[in-house]
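Visitor: I am new to this structure and should be grateful for a close look at a single part of it. Please place that part within the whole before turning to its details.

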Amino acid sequence: MADRRNYRTFGLLDIGTSKTVAAVVVAEYIAGAASPSLRLAGLGLQRSKGIKAGVLTDLDEAESVVRGVIGQAERAAGISVGGFTLSVAAGRLSSVHCTARTDVETGSVTQDDLARLMAAGESYAERNGRTLIHLNRLGYEVDGAGGVRDPLGLSARRLSAGLHAVTADEAPLRNLLVLIDRCYASCDGLVAAPYASALAATTAEERQFGVTCIDFGAGTTSIALFADGAFTGTDVIPVGSQHITYDIAKALQTPLAEAERIKTLYGTLLNAQSDEHESFSYPIAGEEDDASYETSRARLADIIRPRVQQIMGLVRERLVSNAASRYAGDKVVLTGGASQLLGLPELVAHEFGRTVRVGRPSDLPGLNASLAGPQLATLSGLAMIAARGDGEHSVARGRKTVTQGYLGRVGTWLKGGF
């Protein structure tokens with residue numbers, strides 16, 4: 001008997017500070033398979049405009065870029081998907097932990113009991129005008145006995161659940177959805193960018209034992225924490241590798257585009273004696289002749305290192321203030337485009353006193369090898385989340401719409417969970 005195979009096509013959109021990426025992905029579901037097989041059918045990629053640290057700053061510029069990448073992806077795939085799952089790093093993303101409790105009226109736990117717990121968690125997370133992006137259960141207690149993973153059907157009089165929510169300010173989310181609407185597309189769902197990139201960059205075993213994932217992007221540096229296989233915390237710092245580029249441009253008096261090239265080709269955090277003698281040339285901003293200047297890789301390292309140490313210091317401060325970090329183990333996984341900076345794992349290992357590795361997501365079939373790697377970790381994670389839909393990390397089911405209009409359009413997706 002032939003395997004039963006089902007196919008679903010969906011769109012993904014990651015609007016970052018340095019690049020905007022749209023993708024059309026085909027998921028193949030085979031009966032009995034643990035997870036769907038994913039294939040990239042079309043990709044669009046352009047340099048971002050009108051975005052700073054994940055926040056929309058110029059609607060017209062951002063619209064031209066988003067329209068462009070959606071058009072590229074759909075033309076390459078030969079299909080118009082219309083709806084896109086969108087990553088979110090704006091709105092001061094932060095984690096909220098709470099415990100929800102309910103009486104079990106029927107004497108055994110039902111789906112209605114679980115829904116009441118989730119509804120209570122939604123209400124708690126959305127205080128002070130915050131918008132719920134993600135809500136997942138960390139564990140249950142049945143009549144005071146903890147360690148219960150799935151209480152459905154168990155005999156009980158009292159049920160409680162530890163919940164983890166990710167919330168954001170509403171205004172930046174509304175602006176992103178206005179942008180999508182102006183591009184004649186729709187938003188099928190919102191996903192916290194730190195969660196998406198961490199899911200792609202870490203392994204299931206690492207998440208079970210406890211891991212901290214640091215996504216070192218251009219405009220932001222984000223943190224995602226996992227313990228016992230569950231997503232337990234997140235934070236976003238509005239400083240990233242773009243600030244390193246600014247430091248290089250200022251110190252060497254060179255154009256920003258040249259500073260980015262220098263960072264990519266020669267950037268290092270290592271103290272190698274040979275770097276004192278290895279030099280490179282670059283132009284000076286504002287000079288019209290073809291004169292070039294030279295400096296050494298050692299001097300470049302001296303420019304880059306203080307900024308990276310500052311960013312990692314901010315990461316450490318956020319981890320200290322996040323109670324969930326105590327349970328996230330001693331492993332750190334780096335991802336994002338800037339994670340490829342030479343010597344970064346060694347510096348982070350020294351700063352944090354932990355084991356560090358660079359997380360490289362599994363390549364999507366159909367993705368050009370030159371684009372594969374940590375720089376597209378968020379896109380890979382979006383594909384996994386949009387295709388999976390198995391409820392491992394549930395968003396609130398049946399939640400009320402936070403606002404009408406644009407945010408209301410994602411209500412159906414939120415009801416279904418991940």
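Visitor: How many helices and strands does the chain have? Within it, in what order do the strands of the open sheet of 5 strands stand, and which residues of helix H1 are buried?

Guide: The model shown is a predicted one, in which local features need a pLDDT of at least 70 and side-chain atom pairs count only at pLDDT 80 or more, while totals for chains, interfaces and linings use all residues. Residues are numbered from 1 along each chain as its sequence is written, and side-chain values use heavy atoms, with hydrogens and water left out.

The chain has 11 helices and 18 strands; these are DSSP runs numbered from the N terminus, helices being H or I runs of at least four residues and strands being E runs of at least two. Of its 418 residues, 54% count as buried, where buried means under 20% relative accessible area, exposed means over 50%, and partly exposed lies in between, with a 1.4 Å probe and protein chains only. A contact is defined by heavy atoms within 4.5 Å. Among contacts between residues at least 6 apart in sequence, 67% join residues at least 24 apart. The accessible surface of the chain comes to about 18800 Å², and 47% of this belongs to carbon and sulfur atoms; the areas come from the Shrake-Rupley method with a 1.4 Å probe, and for residues only the protein chains shown count as cover.

The sheet may now be taken strand by strand. Its order is S3-S2-S1-S6-S11, the sheet is open, and its pairing is mixed. S3 and strand S11 (186-192) stand at the edges with a single partner strand each, so one side of each is left without a neighbour in the sheet. On average, neighbouring strands of this sheet are turned by 25 degrees against each other, direction ignored. Strands of a sheet pair through backbone hydrogen bonds, in either a parallel or an antiparallel manner; here, two strands pair if DSSP finds at least two bridges between them.

Both kinds of pairing can be followed in this sheet. Strand S2 (residues 19-30) and strand S3 (residues 37-47) pair in the antiparallel sense over 10 bridges, and Val24 stands opposite Gly42 in S3. The hairpin of S2 and S3 has 6 residues between the strands, and Gly32 takes a positive phi near 90 degrees there. Strand S6 (residues 83-88) and S11, in turn, pair in the parallel sense over 6 bridges, with Ser87 opposite Val191 in S11.

Helix H1 (residues 59-77) lies across strand S1 (5-15), S2, S3 and S6, and runs at about 145 degrees to S3. Axes are lines fitted to C-alpha atoms, for helices over the stretch in contact, and angles run from 0 to 180 degrees between N-to-C directions. The expected span of a helix is 1.5 Å times one less than its number of residues. At 1.5 Å a residue, the 19 residues of H1 should span 27 Å, and the end C-alpha atoms of H1 are 27 Å apart, which agrees.

The buried residues of H1 are Ala62, Glu63, Val65, Val66, Gly68, Val69, Ile70, Gly71, Ala73 and Glu74. They pack against S1, S2, S3, strand S5 (55-56), S6 and H3. Asp58 caps the N-terminal end of H1, with a side-chain oxygen 3.2 Å from the backbone nitrogen of Asp60. After H1 comes Gly78, whose phi is positive, near 75 degrees.

Helix H3 (residues 170-182) was named among the elements that H1 packs against. Its 13 residues should span 18 Å at 1.5 Å a residue, and its end C-alpha atoms are 18 Å apart, which agrees. Pro172, Leu173, Leu176, Leu177, Val178, Leu179 and Ile180 are the buried residues of H3. Tyr184 follows H3 and has a positive phi, near 55 degrees.

Most residues other than glycine have a negative phi. Ala53, although not a glycine, has a positive phi of about 50 degrees. Ala53 is found in the loop between strand S4 (51-52) and S5, and Ala53 is buried, with a relative accessible area of 19%.

Methods:
Polar contact = N/O pair within 3.5 Å; in protein donor to acceptor, adjacent residues only side chain to side chain.
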